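Try each task before you read its solution.

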Amino acid sequence: MARRPVAWVAAIVLFVEAIGIALLNWFLGVVVDRQDMSLAGLDSDMMSVSSKVGGLVFGLYFALCGVAALLVAVRDRAPGLFGRILLISAAVVHGLLGAFTVGLVGWGAFVFMMVALGLIVFTLLAFDRGEGPADAAPGDGAGGEDGSGDTNGGTNGGTGGSPVTAPPTPSAS
């Protein structure tokens with residue numbers, strides 16, 4: 001199955017993005033510092049430092065997401081709660097960045113963001129734990145095929161109980 005290589009590639013992409021975003025913001029901070037201009041009265045030194053710190057924080061965030069994907073690839077199992085939250089948040093961030101980059105940078109950056117989003121989502125779904133009431137055995141009271149307690153495929157109108165049986169016939173005696 002191709003789920004481990006995809007998790008490896010997702011981890012590598014996240015690490016590359018971590019380095020790239022940190023370097024990009026550092027470069028932008030240097031540019032702002034050398035311009036020595038004010039934007040609406042803001043101090044250029046403060047903008048420079050803010051850009052550098054923001055780039056480092058965002059880079060560390062992507063690196064942490066890369067570590068979560070790397071652990072998934074190494075262990076060959078679903079991430080824990082914290083890793084799952086990190087990867088879901090990274091998927092949301094990539095979706096938003098993709099929407100912004102298509103207008104600001106171009107279609108190539110958009111495609112890169114969507115590929116990264118796809119890798120992260122595939123990593124999350126391929127290593128799905130599959131835990132929950134839908135996987136419980138049908139007689140343990142946790143539900144049947146669809147988790148609603150209906151073990152006959154939802155043919156009783158979706159009410160979630162047992163299938164309807166015919167009432168007993170009255171006796172003549």
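**Exercise 1.** Are H2 and H3 oblique or parallel to each other?

*Solution.* Start with the source. This is a predicted model, in which local features need pLDDT of at least 70, side-chain atom pairs count only at pLDDT 80 or more, and totals for chains, interfaces and linings use all residues. Residues are numbered from 1 along each chain as its sequence is written, and side-chain values use heavy atoms, without hydrogens and water.

Step 1: find the helices. They are DSSP runs (H or I, at least four residues), numbered from the N terminus. H2 covers 44–75, and H3 covers residues 81–104.

Step 2: take the angle. The axes of H2 and H3 cross at roughly 125° and come within 9 Å. Axes are lines fitted to C-alpha atoms over the stretch in contact, and angles run from 0 to 180 degrees between N-to-C directions.

Step 3: classify. Angles under 35 degrees are roughly parallel, over 145 roughly antiparallel, 65 to 115 roughly perpendicular, and the rest oblique. H2 and H3 are therefore oblique to each other.

Step 4: list the contact (heavy atoms within 4.5 Å). H2 contributes residues including Phe58, Tyr61 and Phe62, and H3 contributes residues including Phe82, Leu86 and Leu97. By class, the contact of H2 with H3 has 13 nonpolar, three polar and no charged residues. Here Ala, Val, Leu, Ile, Met, Phe, Trp, Tyr, Cys and Pro count as nonpolar, Asp, Glu, Lys and Arg as charged, and the others, Gly among them, as polar.

**Exercise 2.** Describe how H3 packs with H4.

*Solution.* Step 1: H4 spans residues 107–126. Its axis lies 8 Å from that of H3, at an angle of about 160°. H3 and H4 are therefore roughly antiparallel.

Step 1: look at the partners. Among them are Leu87, His94 and Leu97 in H3, and Trp107, Phe110 and Met113 in H4. The contact of H3 with H4 holds 16 nonpolar, five polar and one charged residues.

**Exercise 3.** At what angle do H1 and H2 pack?

*Solution.* The angle is about 175°, and the axes of H1 and H2 are 8 Å apart. That makes H1 roughly antiparallel to H2. Their contact has 25 nonpolar, nine polar and five charged residues.

**Exercise 4.** Which helix gives the most to the lining of the largest pocket?

*Solution.* Step 1: H1, H2, H3 and H4 each supply at least two lining residues. H1 gives the most, with seven.

Step 1: find the centre. Of the 13 lining residues, Ile21, Leu24, Phe58, Leu97 and Met113 lie nearest to it.

Note on methods
On a 1 Å grid over the protein atoms alone, a cavity is a set of points where a 1.4 Å probe fits but cannot get out, and a pocket is an open set with protein on both sides within 12 Å along at least five of seven lines; lining residues have an atom within 4 Å of a point.
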